[in-house]
Every structure is written in C-alpha cells, then in structure tokens.
Amino acid sequence: MKSLHRKVAVVTGATSGIGARIAEVFAAEGAHVVLAGRREQEGHQRAAALGESATFVRCDVSVEADVEALVGHAVERYGRLDVMVNNAGGPGNMASVTDFDSAVFTRTLAVHVAGVMHGIKHAGRQMVAQRSGSIINVASLAGKIAGWSGLDYSTAKAAALHLTRCAAVDLGEHEVRVNSVSPGFVPTGIFAKGSGADASAADATATSVAEAFKPLLDSSQPLPGTVLTDDIAAAVLWLAGDASRLVTGQDLAVDGGMTAGRPAAASRAERTRMHDLLSP
C-alpha cells in the first residue's frame, strides 16, 4: 500500500520548486493534496496535472484568513487533514544590516515566520480535534549558519526552527507531530527571484543555478552532488508518514553534510597551501 494512502495533505508554496515536487510525490503516494500558492494559473495547472486527487487554493500565507480558508477547504472537501507542509517562502535580501530596509525585513518575517505559525495554528486545530496529524515546516541551512543567505531570510528560518520545537511540545499530548526539514543549496527559481527575475521566468533557471553552485559545493559540502527537490520531497514524505510516528520537534537537514562541517579535503588543501607559504 502507498505510504500516504487516503491521507489528506496541504502543501503551501506548491506552484514551483520544492513545494511543487512535494505535492507530486504526495499524490503519487496516494494522498489527496491541496496545493496552495499565490500564482493561480500555475497552481491550477499543477493541480490538474496531478488528477482528481488534487486541488488548488490561492493563498498568501502572511494573511491568516487565507490560511484559515485553505485548511477549511481541505477539511470541507475531504473531511480531515493529516499532513500540513508549510513551505511557502521567498528569497532573502543580501543588504548589510546597516542598510537594511525595515519593510523588507518585516515582510520576510511575515511570510517565513508568521506564515508558518498560521499554518501550524489552523492545521493544528483540526489535528487536535481528530487526535492525529503531522506538520512539516520547510526551513533552511541558513537558519543554522550565518552568512549563507540574507539576514532577513536567515533570521526568519532560525525562528521557524525554534517555532517547530515550541509547537511540537505544545501539540504532542494531542498526538500531533511537528518537525522541520532544512534543505541545503537546492537549484530552484528562488535565487533568480532574489535577483529580480519574474517569478514564472525564474522557474526555468534551475539548471544554470546548479552549474553556478558547483564550485561552492565542492569547497563547502562534504558529500558530493547537488541537493535536488526530490531529496527534500523524500525527507518530507518520511516525516508525513507513519514510519516517523514517534519523531517530533526535530529538524532533518538535507544538505550534503554542509551544516556538519566543511569537507576535510578542503581543509587539507588549505593546510598544504599554508605550509608552502611558510616554508623557507
């Protein structure tokens, strides 16, 4: 039997990138999936491609009423809610803290922190009532290590990680689990969006983003290879299913080991260069 057979799942930020792939994998594993996002045309197209098991609801996660309506749609249509994936997000701003636009900072927190809280709150109400459910928040390695993204994005993701733990200990007695997944560098359109590209055009840049990342990954990621949307979807799928039934309050880093430390080969190469410079 498929791992999410007849389960009901909501995935925010499902019009592209990681969220779109999570929705595809969930549908393939037997779930009824409600895709959510701000881009209606792309959302309806993706839901239609998944067949009768999927629907799309327009949702801005920073607006609590939108998230409440999203969860309400899932429950009204399918009678329950088993999985909530809080994935919606946007790029960070690379400005220095001394030049940072406070409005930009506030907007980033509204999406990546308040948006996650809205999802936990309204999914949690339904899950508490039915005494079951899994909530998965998509965080980032930037929430653990400074300097890899903008200060707004990094700060927001760090907050989302602790929000995950707080919600997990709050909802655990009701048999509701809350976990997070922290992706490493995943080649998606979010990077082009951060450079000002149109959202739809940015989605087509994944291949070039992967090529641009390669030199960086070679010097900072212990495991070789690019982290793909498939890798993140597989981690989320495990947390969504019954195989992880006693896992809560945890963060699963899917980053090729980047948050564990830099590759030993890179450190050895630097030591060799240093030795050569210091040798008489």
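This is a predicted model: local features need pLDDT of at least 70, side-chain atom pairs count only at pLDDT 80 or more; totals for chains, interfaces and linings use all residues.

Residues are numbered from 1 along each chain as its sequence is written, and side-chain values use heavy atoms, with hydrogens and water left out.

**How α3 and α4 pack**

- Two packed helices are described by the angle between their axes and the distance between the axes.
- Here, α3 covers residues 64–78 and α4 covers residues 102–130; they pack at about 35° with axes 9 Å apart.
- Helices (H or I, at least four residues) and strands (E, at least two) are DSSP runs numbered from the N terminus.
- Axes are lines fitted to C-alpha atoms, for helices over the stretch in contact, and angles run from 0 to 180 degrees between N-to-C directions.
- On the α3 side, E64, V67, E68, V71 and V75 take part in the contact (heavy atoms within 4.5 Å), and their partners in α4 are H118, G119, K121, H122, A123 and Q126.
- These contact residues comprise 4 nonpolar, 4 polar and 3 charged ones, where Ala, Val, Leu, Ile, Met, Phe, Trp, Tyr, Cys and Pro count as nonpolar, Asp, Glu, Lys and Arg as charged, and the others, Gly among them, as polar.

**Salt bridges**

- The whole structure holds 12 salt bridges, each a side-chain nitrogen of Lys or Arg within 4 Å of a carboxyl oxygen of Asp or Glu.
- One of them joins R46 to E24, with 3.7 Å from N to O; R46 lies in α2 (residues 40–50) and E24 in α1 (residues 17–28), 22 residues apart.
- R46 and E24 also belong to a salt-bridge network with R21 and D230.
- Another pairs D251 with K144 at 2.5 Å, N to O, linking strand β7 (residues 251–254) to the loop between β5 (133–138) and α5 (151–171) across 107 residues.
- K214 and D218 form a salt bridge too, their closest N and O atoms 3.2 Å apart; they sit about one helical turn from each other because they are 4 residues apart in α8 (residues 206–220).

**Exposure of the partners**

- R46 is partly exposed at 31% relative accessibility, and E24 is partly exposed at 30%; buried means under 20% relative accessible area, exposed over 50%, and partly exposed in between (1.4 Å probe, protein chains only).
- D251 is partly exposed at 24%, as is K144 at 42%.
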